[in-house]
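Here is a short briefing on a structure. Look it over first, then read the points below.

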Protein chains: 2
Amino acid sequence: MASITEVARLAGVSIATASRVVSAVDYPVSAATRARVLDAAAALDYVPNALARGLLKSQIPVVAVIVHDITDPYFAEVVRGVEDAASPAGYLVITCSSERDAERETSYVRLLRSMRAASVIFAASGLDDPESNREIGKHLAAMRSDGAAVVHLSPHALGEADVGVDNEAGMASMIEALVGLGHREIAFLAGPSSLFVGRARLAGYRRGLAEAGITFDERLVIHTSFDREGGALGVDTLLGPARFTAIACANDPLAMGALARLADLGIDVPGQLSVAGFDDVPVAAITSPSLSTVRLPLREMGRRGFAEAVRVLGGEELVSTVLPTELAMRDSTAPPRVAALT
Amino acid sequence: MASITEVARLAGVSIATASRVVSAVDYPVSAATRARVLDAAAALDYVPNALARGLLKSQIPVVAVIVHDITDPYFAEVVRGVEDAASPAGYLVITCSSERDAERETSYVRLLRSMRAASVIFAASGLDDPESNREIGKHLAAMRSDGAAVVHLSPHALGEADVGVDNEAGMASMIEALVGLGHREIAFLAGPSSLFVGRARLAGYRRGLAEAGITFDERLVIHTSFDREGGALGVDTLLGPARFTAIACANDPLAMGALARLADLGIDVPGQLSVAGFDDVPVAAITSPSLSTVRLPLREMGRRGFAEAVRVLGGEELVSTVLPTELAMRDSTAPPRVAALT
DNA sequence: CTGAAAGCGCTTACAG
DNA sequence: CTGAAAGCGCTTACAG
């Protein structure tokens with residue numbers, strides 16, 4: 001591949017001049033010289049070496065997004081939002097599926113530091129692992145002091161999300177909606193207790209109950225993994241001892257797993273039981289019955305996350321924002337029509 | 001951030017020696033010296049600068065995956081497969097959602113070239129745009145001659161997939177299965193005619209019909225976009241004039257869109273009409289009814305794609321492989337129970 | 001407006 | 001086993 005040296009030689013100018021025209025920096029170059037350089041660059045199919053430039057700047061126009069799993073539609077949406085904003089700015093996006101494994105996450109962050117990524121955006125909730133958090137924190141501090149931008153889209157060990165939603169209020173509003181439908185006995189599939197988002201949503205459930213004057217019953221709260229398997233398992237666990245007319249879930253996969261298990265069991269939703277999710281992942285609209293859930297502006301979070309990164313890269317302060325959630329009531333919820341399930 | 005110069009100074013050795021121990025290259029260094037360098041590196045929290053190394057090698061351990069849209073589960077699965085293989089090897093993965101737009105794709109490839117990505121894997125089918133294909137081809141040729149690995153997971157302008165599936169045979173087998181169920185009038189939602197995969201699947205449909213001795217009727221073939229909207233539109237287009245008992249679709253989103261539209265119309269699936277998809281995207285198992293489809297080993301394609309890239313990077317020849325497809329017959333297909341729809 | 005030169009942080013022949 | 005030096009491809013003060 002042709003380097004700037006060859007372009008300069010062909011154009012008959014110094015590499016300084018060649019650099020000034022091809023890098024589109026704001027520096028006076030005569031029109032004639034500029035044209036000659038541009039011609040030479042085109043003739044040689046010159047493409048600048050981003051690595052050389054990055055070495056100088058100690059930064060490469062790449063933004064990484066740390067997700068739990070890119071095949072989880074929640075994260076795919078966020079990544080897409082980041083990409084939509086990053087791409088026009090000339091940034092490439094790296095996706096890192098951490099599988100919520102502290103070691104994987106640490107190794108990704110280290111790699112990103114080594115690559116001098118301009119920004120790392122945490123889409124996934126922070127983990128509660130002090131040792132890896134310390135290690136990751138060390139790398140992030142080094143990157144930050146080197147000019148990189150770190151943005152959190154979820155609550156994490158060190159604080160709240162930089163661009164996020166009010167998980168607690170969102171969940172409280174769903175509980176309020178269920179209560180409005182007539183439900184008083186509402187179970188909660190909480191997901192893992194080790195995740196910050198999970199806790200915020202559980203807090204929202206409790207707040208929703210409290211505001212409706214309903215006593216919290218911990219037997220109605222089930223902790224499982226944050227996926228469809230967890231939802232199915234949650235239903236199985238609840239179904240013996242507990243008594244309830246609705247199940248609120250801490251995220252959509254949980255709700256979809258519950259829906260599937262309930263269908264297997266021949267329990268009609270929403271006839272016998274209402275089910276609600278959280279996130280409004282795209283598939284939530286096409287489950288059967290379609291899922292009542294809380295809509296999160298996932299792409300917008302990605303876009304805003306990148307916008308914040310750009311702001312930080314430009315030397316400005318990061319400004320925290322809380323994006324609104326919205327109730328999306330569909331067909332999986334209805335007034336309780338029969339006595340509460342035993 | 002500490003550089004190797006500082007590590008060398010603290011350890012009291014030359015940077016050459018320091019480099020030899022931290023870069024884990026196979027070069028004799030005395031145990032005592034090695035230990036001193038390692039201690040110094042740890043004390044300084046040294047992380048090598050991948051940009052400097054990349055500049056020298058003219059290559060950075062990054063693999064890019066060109067997809068249509070990362071929020072499309074098909075591509076998310078493939079990307080995850082690439083990541084699963086790339087991550088242990090120390091490679092980061094960049095995702096590029098081209099939206100099947102020739103210009104976006106071109107600009108991504110150019111950016112990737114400028115970044116000296118070690119490999120670019122095309123997960124999405126090639127576009128039929130001669131001009132952008134020429135431009136992209138130019139960049140890829142330059143990258144290849146620089147040692148980068150280019151791998152295709154789908155048929156494209158210049159040839160077949162390097163790691164792919166037999167789309168034609170896969171679709172033919174689905175048609176055969178529908179015929180086996182008793183269907184003779186089978187419509188086909190073909191997706192866009194500009195995509196190479198789309199064409200291969202259409203060819204499979206024709207082959208399946210031919211092998212069953214059924215005359216091809218072009219009025220039964222509808223071209224739309226490759227998404228749920230296209231599926232709904234396809235149903236609307238078919239429903240007036242055509243007569244058929246089953247709809248085979250060129251991919252799952254098309255089938256899911258058809259399912260949704262049919263449900264709106266009150267047409268029972270599979271009672272009145274059978275619907276089949278293609279890809280076996282994860283959600284296909286949880287639609288209602290669950291979708292009969294052709295399973296593609298999506299993650300495996302990603303993993304194998306990266307493995308091929310590594311082979312090429314090692315100077316070996318790329319060896320093409322065709323992975324098997326598998327029929328996944330679920331609840332959206334059944335024998336035709338009523339007369340063909342008018 | 002133009003250019004010579006230093007330097008970003010590494011690796012790798014080459015010499016000892 | 002160890003080190004001095006060149007060089008990867010750029011950008012940017014600095015001088016003219």
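**DNA strand C and its surroundings**

The surface near DNA strand C has 15 nonpolar, eight polar and two charged residues. Nonpolar means Ala, Val, Leu, Ile, Met, Phe, Trp, Tyr, Cys and Pro; charged means Asp, Glu, Lys and Arg; the others, Gly among them, are polar. This is a predicted model: local features need pLDDT of at least 70, side-chain atom pairs count only at pLDDT 80 or more, and totals for chains, interfaces and linings use all residues. Residues are numbered from 1 along each chain as its sequence is written, with chains lettered from A and ligands numbered from 1 in the order in which they are written.

- DNA strand C is surrounded by 25 residues (C-beta atom, placed from the backbone, within 6 Å).
- The closest are Ser14(A), Pro28(A), Ile4(B), Ser19(B) and Ser23(B).

**Chain A with chain B**

- Chain A and chain B each put 39 residues into the contact (C-beta atoms, placed from the backbone, within 7 Å).
- On the chain B side, H5(B) gives the most, six residues (helices are DSSP runs of H or I, at least four residues, and strands runs of E, at least two, numbered from the N terminus).
- That side of chain B divides into 22 nonpolar, eight polar and nine charged residues.
- Strand E2 (residues 92–97) of chain A pairs antiparallel with E2(B) over three bridges (pairing takes at least two DSSP bridges).
- Val93(A) has Thr95(B) as its bridge partner in E2(B).

**Sheet in chain A**

- Four strands form an open sheet in the order E7-E6-E8-E9 (chain A), with parallel pairing.
- E7 (221–222) and E9 (274–276) of chain A each have a single partner strand, so one side of each lacks a neighbour in the sheet.
- Ala248(A) has Ala276(A) as its bridge partner in E9(A).

Technical notes:
Two residues are in contact if their C-beta atoms, placed from the backbone, lie within 7 Å.
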